[in-house]
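Morning, everyone. Please have a look at the model on the screen, and I'll take you through it.

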Amino acid sequence: MTLPAVSPVDLSGAAALRAELDAKAKPLGALGRIEDLAVRLGLIAGGPPPSFDRALLLVFAGDHGMNAEGVSAYPSAVTQAMVATFLAGKASANAFASAVGAELRVVDAGVDADLPPHPALLDAKVRRGSRNAAVEPALTLAEAEEALARGADIARRAAEEGFEILALGEMGIGNTASAALLMHRLAPAPLAECIGRGAGHDAAGLARKAAILERAAARAAATAPLDVLSEFGGLEIAMIAGAIIGAASARVPVLVDGFIVSAAALVAIRLVPAAKDYCVFCHRSAEQGHGRLLAALEVEPLLALDLRLGEGTGALLALPLARAASRLLSDVASLDDVLNGRL
(Lines give C-alpha, C1' and ligand atoms only; values in the text may rest on other atoms or scores of the structure.)
Protein backbone atom coordinates (compact mmCIF):
# COMPACT_ATOMS: atom_id res chain seq x y z
CA MET A 1 0.00 0.00 0.00
CA THR A 2 1.28 3.45 -0.95
CA LEU A 3 0.04 6.41 1.07
CA PRO A 4 1.05 10.06 0.57
CA ALA A 5 4.31 10.99 2.25
CA VAL A 6 3.90 13.10 5.36
CA SER A 7 6.72 15.30 6.63
CA PRO A 8 6.83 15.73 10.41
CA VAL A 9 6.22 19.29 11.54
CA ASP A 10 9.50 21.12 12.12
CA LEU A 11 9.48 22.11 15.78
CA SER A 12 12.58 24.29 15.58
CA GLY A 13 10.49 27.45 15.15
CA ALA A 14 8.50 26.94 18.35
CA ALA A 15 10.69 29.15 20.51
CA ALA A 16 10.48 32.05 18.03
CA LEU A 17 6.69 31.77 17.82
CA ARG A 18 6.41 31.64 21.60
CA ALA A 19 8.64 34.72 21.88
CA GLU A 20 6.44 36.52 19.36
CA LEU A 21 3.37 35.72 21.45
CA ASP A 22 5.11 36.75 24.66
CA ALA A 23 5.83 40.15 23.10
CA LYS A 24 2.14 40.82 22.37
CA ALA A 25 0.13 43.39 24.31
CA LYS A 26 -1.01 41.02 27.03
CA PRO A 27 0.41 39.39 30.15
CA LEU A 28 2.66 36.39 29.53
CA GLY A 29 0.59 33.28 28.85
CA ALA A 30 -2.65 35.13 29.53
CA LEU A 31 -4.49 33.39 26.68
CA GLY A 32 -3.58 29.93 27.93
CA ARG A 33 -4.11 27.08 25.51
CA ILE A 34 -5.09 29.42 22.68
CA GLU A 35 -1.45 30.46 22.68
CA ASP A 36 -0.44 26.81 22.46
CA LEU A 37 -2.82 26.39 19.53
CA ALA A 38 -1.37 29.46 17.82
CA VAL A 39 2.12 27.99 18.09
CA ARG A 40 0.88 24.65 16.76
CA LEU A 41 -0.82 26.22 13.77
CA GLY A 42 2.20 28.40 13.06
CA LEU A 43 4.47 25.36 13.09
CA ILE A 44 2.17 23.51 10.67
CA ALA A 45 2.19 26.52 8.34
CA GLY A 46 5.93 26.98 8.67
CA GLY A 47 5.31 30.65 9.45
CA PRO A 48 2.31 32.88 10.08
CA PRO A 49 -0.75 30.62 9.78
CA PRO A 50 -3.53 31.47 7.32
CA SER A 51 -6.78 33.04 8.47
CA PHE A 52 -8.69 29.77 8.04
CA ASP A 53 -11.52 31.70 6.42
CA ARG A 54 -11.82 28.88 3.89
CA ALA A 55 -12.87 25.89 5.97
CA LEU A 56 -14.47 22.66 4.78
CA LEU A 57 -16.36 20.06 6.76
CA LEU A 58 -16.28 16.62 5.16
CA VAL A 59 -18.91 14.25 6.55
CA PHE A 60 -18.01 10.68 5.58
CA ALA A 61 -20.95 8.27 5.50
CA GLY A 62 -21.00 4.48 5.51
CA ASP A 63 -23.03 1.52 6.72
CA HIS A 64 -21.94 -1.41 8.85
CA GLY A 65 -22.91 -5.05 8.32
CA MET A 66 -22.46 -5.66 12.04
CA ASN A 67 -25.52 -3.51 12.68
CA ALA A 68 -27.62 -6.53 11.70
CA GLU A 69 -26.56 -8.03 15.05
CA GLY A 70 -28.10 -5.14 17.02
CA VAL A 71 -25.03 -3.08 17.93
CA SER A 72 -27.00 0.14 17.48
CA ALA A 73 -30.29 1.40 18.84
CA TYR A 74 -31.17 2.54 15.31
CA PRO A 75 -31.60 0.70 11.98
CA SER A 76 -29.07 1.15 9.19
CA ALA A 77 -31.64 2.99 7.07
CA VAL A 78 -31.03 6.03 9.26
CA THR A 79 -27.63 6.50 7.60
CA GLN A 80 -29.21 7.14 4.22
CA ALA A 81 -31.93 9.30 5.79
CA MET A 82 -29.34 11.46 7.53
CA VAL A 83 -27.32 11.84 4.33
CA ALA A 84 -30.48 13.22 2.71
CA THR A 85 -30.86 15.55 5.70
CA PHE A 86 -27.32 16.88 5.29
CA LEU A 87 -27.89 17.45 1.60
CA ALA A 88 -31.15 19.27 2.38
CA GLY A 89 -29.20 21.55 4.75
CA LYS A 90 -31.27 20.57 7.79
CA ALA A 91 -28.91 18.59 10.08
CA SER A 92 -27.14 19.91 13.19
CA ALA A 93 -23.87 19.93 11.25
CA ASN A 94 -25.43 22.19 8.61
CA ALA A 95 -26.61 24.62 11.28
CA PHE A 96 -23.20 24.69 12.95
CA ALA A 97 -21.37 25.00 9.61
CA SER A 98 -23.52 27.99 8.74
CA ALA A 99 -22.90 29.52 12.15
CA VAL A 100 -19.11 29.34 11.81
CA GLY A 101 -18.82 29.94 8.06
CA ALA A 102 -17.68 26.52 6.85
CA GLU A 103 -18.67 24.70 3.69
CA LEU A 104 -20.13 21.20 4.14
CA ARG A 105 -19.79 18.26 1.78
CA VAL A 106 -20.93 14.68 2.29
CA VAL A 107 -18.75 11.79 1.15
CA ASP A 108 -20.46 8.52 0.29
CA ALA A 109 -17.79 6.11 1.50
CA GLY A 110 -20.06 3.08 1.73
CA VAL A 111 -23.74 3.86 2.24
CA ASP A 112 -25.87 0.77 1.63
CA ALA A 113 -27.98 2.53 -1.01
CA ASP A 114 -27.64 4.14 -4.42
CA LEU A 115 -27.65 7.86 -3.68
CA PRO A 116 -28.88 10.34 -6.31
CA PRO A 117 -26.36 12.94 -7.47
CA HIS A 118 -26.16 16.21 -5.53
CA PRO A 119 -23.74 19.14 -5.79
CA ALA A 120 -22.63 18.65 -2.17
CA LEU A 121 -22.25 14.85 -2.42
CA LEU A 122 -18.93 13.21 -3.32
CA ASP A 123 -19.37 9.67 -4.63
CA ALA A 124 -16.39 7.70 -3.30
CA LYS A 125 -18.30 4.50 -2.51
CA VAL A 126 -16.07 1.44 -2.19
CA ARG A 127 -18.98 -0.95 -1.61
CA ARG A 128 -22.51 -0.85 -0.20
CA GLY A 129 -21.68 -1.15 3.48
CA SER A 130 -19.09 -3.24 5.27
CA ARG A 131 -19.60 -6.92 6.05
CA ASN A 132 -20.65 -8.22 9.45
CA ALA A 133 -17.46 -8.04 11.52
CA ALA A 134 -18.97 -10.34 14.13
CA VAL A 135 -18.70 -13.26 11.70
CA GLU A 136 -16.16 -12.26 9.00
CA PRO A 137 -13.75 -9.46 8.08
CA ALA A 138 -15.63 -6.22 7.54
CA LEU A 139 -13.45 -5.33 4.54
CA THR A 140 -10.94 -7.05 2.35
CA LEU A 141 -7.43 -5.64 2.53
CA ALA A 142 -7.94 -4.25 -0.97
CA GLU A 143 -11.14 -2.49 0.08
CA ALA A 144 -9.48 -1.00 3.15
CA GLU A 145 -6.58 0.23 1.05
CA GLU A 146 -8.94 1.69 -1.53
CA ALA A 147 -10.90 3.55 1.14
CA LEU A 148 -7.69 4.99 2.59
CA ALA A 149 -6.50 6.06 -0.86
CA ARG A 150 -9.81 7.70 -1.76
CA GLY A 151 -9.89 9.59 1.52
CA ALA A 152 -6.35 10.87 0.98
CA ASP A 153 -7.23 11.99 -2.53
CA ILE A 154 -10.35 13.85 -1.34
CA ALA A 155 -8.34 15.76 1.27
CA ARG A 156 -5.55 16.64 -1.16
CA ARG A 157 -8.07 17.88 -3.72
CA ALA A 158 -9.68 20.06 -1.05
CA ALA A 159 -6.26 21.57 -0.33
CA GLU A 160 -5.77 22.22 -4.03
CA GLU A 161 -9.13 24.04 -4.07
CA GLY A 162 -7.75 26.43 -1.48
CA PHE A 163 -9.35 25.17 1.72
CA GLU A 164 -7.03 26.14 4.56
CA ILE A 165 -8.36 23.78 7.22
CA LEU A 166 -10.45 20.60 7.17
CA ALA A 167 -13.01 19.52 9.74
CA LEU A 168 -13.87 15.83 9.63
CA GLY A 169 -17.16 14.24 10.65
CA GLU A 170 -19.02 10.99 10.09
CA MET A 171 -22.42 9.40 9.72
CA GLY A 172 -22.83 5.65 10.01
CA ILE A 173 -25.27 3.75 12.17
CA GLY A 174 -23.28 1.21 14.18
CA ASN A 175 -19.95 2.96 13.78
CA THR A 176 -19.23 3.30 17.51
CA ALA A 177 -19.01 -0.50 17.50
CA SER A 178 -16.33 -0.51 14.82
CA ALA A 179 -14.53 2.38 16.50
CA ALA A 180 -14.50 0.49 19.81
CA LEU A 181 -12.89 -2.55 18.17
CA LEU A 182 -10.29 -0.39 16.43
CA MET A 183 -9.48 1.32 19.71
CA HIS A 184 -9.30 -2.02 21.53
CA ARG A 185 -6.57 -3.28 19.21
CA LEU A 186 -4.71 -0.10 18.29
CA ALA A 187 -4.71 1.94 21.52
CA PRO A 188 -4.57 -0.80 22.83
CA ALA A 189 -7.15 -0.92 25.62
CA PRO A 190 -9.40 -3.49 27.29
CA LEU A 191 -12.50 -3.94 25.14
CA ALA A 192 -14.87 -3.16 28.03
CA GLU A 193 -13.31 0.29 28.36
CA CYS A 194 -13.87 1.00 24.67
CA ILE A 195 -17.61 0.28 24.49
CA GLY A 196 -20.16 3.00 25.14
CA ARG A 197 -23.84 3.71 24.61
CA GLY A 198 -23.35 5.12 21.12
CA ALA A 199 -26.48 6.83 19.82
CA GLY A 200 -28.54 5.89 22.86
CA HIS A 201 -28.48 2.28 24.12
CA ASP A 202 -30.25 1.45 27.35
CA ALA A 203 -28.61 -1.00 29.76
CA ALA A 204 -29.91 -4.07 27.90
CA GLY A 205 -28.79 -2.68 24.55
CA LEU A 206 -25.35 -1.88 25.91
CA ALA A 207 -24.98 -5.43 27.24
CA ARG A 208 -26.02 -6.83 23.86
CA LYS A 209 -23.54 -4.57 22.09
CA ALA A 210 -20.74 -5.68 24.42
CA ALA A 211 -21.48 -9.36 23.80
CA ILE A 212 -21.43 -8.87 20.03
CA LEU A 213 -18.14 -6.98 20.14
CA GLU A 214 -16.58 -9.62 22.35
CA ARG A 215 -17.53 -12.18 19.70
CA ALA A 216 -16.08 -10.02 16.93
CA ALA A 217 -12.84 -9.46 18.85
CA ALA A 218 -12.48 -13.18 19.55
CA ARG A 219 -12.87 -13.94 15.85
CA ALA A 220 -9.67 -12.16 14.77
CA ALA A 221 -6.33 -11.63 16.49
CA ALA A 222 -5.14 -8.83 14.19
CA THR A 223 -3.00 -6.08 15.71
CA ALA A 224 -1.31 -4.46 12.68
CA PRO A 225 -3.16 -1.25 11.73
CA LEU A 226 -4.22 -2.21 8.21
CA ASP A 227 -5.24 -5.71 9.33
CA VAL A 228 -7.30 -4.30 12.20
CA LEU A 229 -9.00 -1.85 9.86
CA SER A 230 -9.82 -4.68 7.46
CA GLU A 231 -11.20 -6.93 10.18
CA PHE A 232 -13.42 -4.36 11.87
CA GLY A 233 -14.12 -1.57 9.34
CA GLY A 234 -15.85 0.61 8.53
CA LEU A 235 -15.58 2.34 5.20
CA GLU A 236 -16.24 5.86 6.49
CA ILE A 237 -13.66 5.35 9.25
CA ALA A 238 -11.07 4.10 6.76
CA MET A 239 -11.74 7.02 4.44
CA ILE A 240 -11.42 9.52 7.29
CA ALA A 241 -8.07 7.95 8.22
CA GLY A 242 -6.97 8.40 4.63
CA ALA A 243 -8.21 12.01 4.61
CA ILE A 244 -6.12 12.78 7.70
CA ILE A 245 -3.03 11.39 5.98
CA GLY A 246 -3.84 13.24 2.76
CA ALA A 247 -4.38 16.55 4.55
CA ALA A 248 -1.15 16.10 6.50
CA SER A 249 0.75 15.43 3.27
CA ALA A 250 -0.54 18.81 2.02
CA ARG A 251 0.33 20.52 5.33
CA VAL A 252 -3.34 21.33 6.03
CA PRO A 253 -4.47 21.14 9.67
CA VAL A 254 -7.30 18.74 10.50
CA LEU A 255 -9.99 19.36 13.10
CA VAL A 256 -10.71 15.95 14.61
CA ASP A 257 -14.28 15.47 15.87
CA GLY A 258 -15.47 12.93 18.43
CA PHE A 259 -15.01 9.25 19.23
CA ILE A 260 -15.37 7.80 15.73
CA VAL A 261 -13.19 10.39 14.01
CA SER A 262 -10.65 10.02 16.83
CA ALA A 263 -10.61 6.26 16.16
CA ALA A 264 -9.95 7.03 12.50
CA ALA A 265 -7.14 9.35 13.59
CA LEU A 266 -5.75 6.49 15.69
CA VAL A 267 -5.66 4.33 12.54
CA ALA A 268 -4.02 7.12 10.54
CA ILE A 269 -1.38 7.77 13.20
CA ARG A 270 -0.57 4.09 13.62
CA LEU A 271 -0.10 3.88 9.84
CA VAL A 272 1.74 7.22 9.44
CA PRO A 273 2.92 8.56 12.81
CA ALA A 274 3.77 12.02 11.45
CA ALA A 275 0.08 12.57 10.64
CA LYS A 276 -0.49 13.31 14.34
CA ASP A 277 1.38 16.61 13.99
CA TYR A 278 -1.43 17.97 11.80
CA CYS A 279 -4.37 16.89 13.99
CA VAL A 280 -6.18 19.27 16.33
CA PHE A 281 -8.35 17.18 18.65
CA CYS A 282 -11.43 19.28 19.19
CA HIS A 283 -13.43 17.83 22.06
CA ARG A 284 -13.85 15.01 24.53
CA SER A 285 -17.22 13.41 23.89
CA ALA A 286 -19.59 11.69 26.31
CA GLU A 287 -18.83 8.28 24.76
CA GLN A 288 -17.13 6.15 27.40
CA GLY A 289 -14.01 5.22 25.44
CA HIS A 290 -13.18 8.64 24.05
CA GLY A 291 -11.19 9.94 27.00
CA ARG A 292 -9.11 6.75 27.13
CA LEU A 293 -8.51 6.93 23.36
CA LEU A 294 -7.30 10.54 23.63
CA ALA A 295 -5.03 9.53 26.49
CA ALA A 296 -3.57 6.73 24.37
CA LEU A 297 -2.73 9.31 21.72
CA GLU A 298 -1.32 11.63 24.41
CA VAL A 299 -3.45 14.58 23.31
CA GLU A 300 -5.63 17.08 25.15
CA PRO A 301 -8.78 18.21 23.34
CA LEU A 302 -9.81 21.86 23.16
CA LEU A 303 -13.35 21.40 24.50
CA ALA A 304 -15.39 19.12 26.73
CA LEU A 305 -19.10 19.70 26.12
CA ASP A 306 -20.60 16.22 26.62
CA LEU A 307 -21.36 15.99 22.89
CA ARG A 308 -22.21 12.58 21.45
CA LEU A 309 -23.72 13.37 18.06
CA GLY A 310 -20.82 13.15 15.66
CA GLU A 311 -21.39 14.68 12.20
CA GLY A 312 -18.37 16.94 12.78
CA THR A 313 -20.33 19.17 15.16
CA GLY A 314 -17.55 19.30 17.75
CA ALA A 315 -14.95 20.05 15.08
CA LEU A 316 -17.06 22.96 13.83
CA LEU A 317 -17.38 24.36 17.34
CA ALA A 318 -13.58 24.37 17.59
CA LEU A 319 -13.10 26.17 14.26
CA PRO A 320 -13.50 29.68 15.77
CA LEU A 321 -10.76 28.80 18.26
CA ALA A 322 -8.37 28.01 15.41
CA ARG A 323 -9.28 31.27 13.70
CA ALA A 324 -8.79 33.21 16.93
CA ALA A 325 -5.39 31.59 17.49
CA SER A 326 -4.31 32.55 13.99
CA ARG A 327 -5.37 36.15 14.47
CA LEU A 328 -3.53 36.31 17.76
CA LEU A 329 -0.32 36.03 15.77
CA SER A 330 -1.33 38.26 12.88
CA ASP A 331 -3.57 40.98 14.31
CA VAL A 332 -2.48 41.75 17.89
CA ALA A 333 -0.04 44.57 18.47
CA SER A 334 3.17 44.10 20.37
CA LEU A 335 3.47 45.58 23.83
CA ASP A 336 6.41 47.66 22.62
CA ASP A 337 4.26 49.24 19.87
CA VAL A 338 1.51 49.97 22.38
CA LEU A 339 3.88 51.63 24.87
CA ASN A 340 5.57 53.68 22.16
CA GLY A 341 2.41 54.80 20.38
CA ARG A 342 3.09 52.91 17.15
CA LEU A 343 -0.48 51.71 16.52
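**The sheet and its surroundings**

Let's start with a strand pair. Strand β5, residues 254–256, runs parallel to β6, and 3 bridges join the two. Strands here are DSSP runs of E, at least two residues; helices are runs of H or I, at least four residues; both are numbered from the N terminus. Two strands pair if DSSP finds at least two bridges between them. Within this pair, V256 stands opposite F281 of β6.

Before I go on, the ground rules. This is a predicted model, where local features need pLDDT of at least 70, side-chain atom pairs count only at pLDDT 80 or more, and totals for chains, interfaces and linings use all residues. Residues are numbered from 1 along each chain as its sequence is written, and side-chain values use heavy atoms, with hydrogens and water left out.

Now the whole sheet. It is open, with 6 strands in the order β3-β2-β1-β4-β5-β6 and parallel pairing. Which strands stand at the edges? They are β3 and β6 (279–281), each with a single partner strand, so one side of each has no neighbour in the sheet. On average, neighbouring strands are turned by 30° against each other, direction ignored.

Next, the helices. Helix α9, residues 235–249, lies across β1 (55–62), β2 (103–110), β4 (165–171), β5 and β6. Its direction is about 175° to β4. Helix α12, residues 313–331, lies across β1, β4 and β5, at about 170° to β4. Those angles run from 0 to 180 degrees between N-to-C directions, with axes as lines fitted to C-alpha atoms, for helices over the stretch in contact. Contact means heavy atoms within 4.5 Å.

On to R127. It is found in the loop between β3 (121–123) and α5 (141–161). Buried or exposed? R127 is partly exposed, because its relative accessible area is 25%. The cut-offs: buried is under 20%, exposed is over 50%, partly exposed is in between, with a 1.4 Å probe and protein chains only. Leaving out residues up to four places away in sequence, R127 touches A109, G110, L139, E143 and L235. Its side chain also reaches the backbone oxygen of G129 at 2.6 Å.

Last, cysteines. The structure holds 0 disulfides, meaning pairs of cysteine sulfur atoms within 2.5 Å. For C194, the nearest cysteine sulfur is that of C279, 19 Å away. C194 counts as buried, at 0% relative accessibility. C279 is buried too, at 1%.

Key:
Polar contact = N/O pair within 3.5 Å; in protein donor to acceptor, adjacent residues only side chain to side chain.
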